[in-house]
Amino acid sequence: MLPQSMLRTCHLLVLMLCVSAIEDFDWTKNDHGSFYYGVFPTGFSWGAGGSAYQTEGAWNVDGKGMSIWDAFAHKKGKIFLNDTGDFSCEGYHKVKDDISLMKDMNLKHYRFSISWPRILPTGIKNENINEKGIRYYDDLINKLLENKITPIVTLYHWDLPQILEEKYRGWQNASMVNLFNDFANLCFERFGNRVRHWITFNNPWSIAVEGYETGEHAPGLKLRGVGAYKAAHHIIKAHAKVWHTYDTQWRNKQKGLVGISLSGDWGEPVDISNQRDIEAAERYVQFYMGWFATPLFNGDYPQVMKDYIGRKSAQQGLGASRLPVFTAQEKSYIRGTCDFLGIGHFTTRYITQKNYPSGRGNSYFTDRDLAELVDPRWPDPGSEWLYSVPWGFRRLLNFVKKQYGNPMIYVTENGVSEKMMCTDLCDDWRMQYFKDYINEMLKAIKDGVNIKAYTAWSLLDKFEWDEGYSERFGLYYVDFRDKNKPRYPKASVQYYKSIISSNGFPNQRELESWKGKAIETCSSSNQLLAADPLISHMGMVTEIVVPTMCTLSILLSAVFLMFLLRRRL
């Protein structure tokens, strides 16, 4: 067995070799290409995911403490229709049922998160460990492994213990670094003998910007131009400390990996021959994914962030940049703390240069000096921010390869939503989205990008943060009106299952047959839903202000059924 110091030296040597292999990304070359028939490498892992607050429900059951999302969602006006995650999918009570869905799909991994306040109600390890919460995650992990499904575990998917927000102001306070490390260390101690893949933070961009800049997400603070940068600074240091804790105390025993999951929309220059647009597009990506990835791979923030925020801070008469500074010791400590890079990707924007005068006030968004545009021809079936632009996925993956020395990548989130609150489960748009985006990922692997796993987002319809239940990302439809929260497969379940069984896209004939099988699945599911009490469906329809074709068909069916019943009477 190599001594720990030698292992650390080897790790740094490998990192240096990777960094030295960094190439410049060619912004002027955008080859969309045609559909590529082929298969993924042997051993490629297919999975699906979810998160604690979005799926578990049981918000105050078995000793769980309150999270910032419990507190935020309970405030009127914060969530669409004042929905909450109090019950959500009731995943806390349906572990066995949900794992049977995963097994039926032949998933190789399942990504979930551990609720910090479920196992540490006060957020502090030496105050109270909730053994009932520990047992829940023990049961989930054990049942996954019994069914040959690898657990990929996220330590923080946004549900900070509310007590820590009240006492310390959450991620605005440097105390969170050690408190989070204590929580992570407990998870390594209790679950690490069975978990080999750990993700410290999910999408820290949203934690920082939507939690502490815009206030759209919990804890709902609007500390413009300052709060997001401070939160991100502490999150990056917390990630590094957890990585070092695992590296020094657990890696030799448990043989696991610790990474992070970063969200990254792609930014494409409006004019790829215009240098100002190219620079603006790169700024967009650096202020988004690079904000977190560059410190973990290179030890410091992207130079363009330091330059732009520093200049604007000076113009505003501030004595120092609003972007915090890492010390030389911190840079060395943070650099190289990423065994794999998780990437969550959904959509793309066109980017062009736009100057924002410093007199307009502090803002993360104005610091970037750019404008985001969309092509009106891009499909947008669900969330207002989510346009289907498959080629942007390949572009992003290749950018990461060249920017960070081709790290090992796990695609941790990719999927599409729908806005319709109706019971039509034949989700053609989702099948098309998966087909196109997964194919672009296959092209990226052909380009040499080191991708090891893909996680469809998400397994179930679930609570979608400030949008409540108005958007549905799930492969499985969840009937939230029924207290039992039954699950029904959408057509995309069968389609994704076909991709998994073929490990890709073998030929055109097979792909055509997949869609037919998928439509049969959703037709059966629609019949099951139709067998539910009519009142339940009418309740869903009345919440929609502008009837869609789907809702109109439900109404017409209901009227027709009532007509038949009266005829019989």
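1. Start with H17 and helix H18 (residues 491–502): in this predicted model, their axes come within 9 Å and cross at roughly 25 degrees. That angle makes H17 roughly parallel to H18, since anything under 35 degrees counts as such. The crossing is right-handed.

2. Who touches whom there? From H17 you get Arg 430, Met 431, Phe 434, Lys 435 and Ile 438, and they meet Ala 491, Ser 492, Tyr 495, Tyr 496 and Ile 499 of H18. Sorted by class, this contact has seven nonpolar, one polar and two charged residues.

3. H17 (residues 428–446) also packs against helix H16 (residues 391–403), at an angle of about 30 degrees and with the axes 8 Å apart. H16 and H17 cross in a right-handed sense too.

4. On the H16 side of that contact, look at Trp 391, Phe 393, Arg 394, Leu 397 and Asn 398; their partners in H17 are Tyr 437, Glu 440, Met 441, Lys 443 and Ala 444.

5. Met 441 is worth a click. Leaving out residues up to four places away in sequence, Met 441 touches Phe 40, Phe 44, Trp 46, Phe 393, Leu 397, Val 411, Ile 451 and Tyr 454.

6. Met 441 also shows up in the largest nonpolar core, which has 160 residues; together with Trp 116, Trp 171, Trp 198 and Trp 291, it touches the most other members. The top contributor to this core is helix H12 (residues 275–298), with 13 residues. Another core, of five residues, lies apart from it and includes Ile 152, Ile 199, Phe 340 and Ala 453.

Key:
Residues are numbered from 1 along each chain as its sequence is written. This is a predicted model: local features need pLDDT of at least 70, side-chain atom pairs count only at pLDDT 80 or more; totals for chains, interfaces and linings use all residues. Side-chain values use heavy atoms; hydrogens and water are left out. Axes are lines fitted to C-alpha atoms, for helices over the stretch in contact, and angles run from 0 to 180 degrees between N-to-C directions. Helices (H or I, at least four residues) and strands (E, at least two) are DSSP runs, numbered from the N terminus. A crossing is left-handed if the near helix is turned anticlockwise from the far one by less than a right angle, and right-handed if clockwise. Contact means heavy atoms within 4.5 Å. Angles under 35 degrees count as roughly parallel, over 145 as roughly antiparallel, 65 to 115 as roughly perpendicular and the rest as oblique. Ala, Val, Leu, Ile, Met, Phe, Trp, Tyr, Cys and Pro count as nonpolar, Asp, Glu, Lys and Arg as charged, and the others, Gly among them, as polar. A nonpolar core is a set of buried Ala, Val, Leu, Ile, Met, Phe, Trp, Tyr and Cys residues joined through side-chain atoms within 4.5 Å. Buried means under 20% relative accessible area, exposed over 50%, partly exposed in between (1.4 Å probe, protein chains only).
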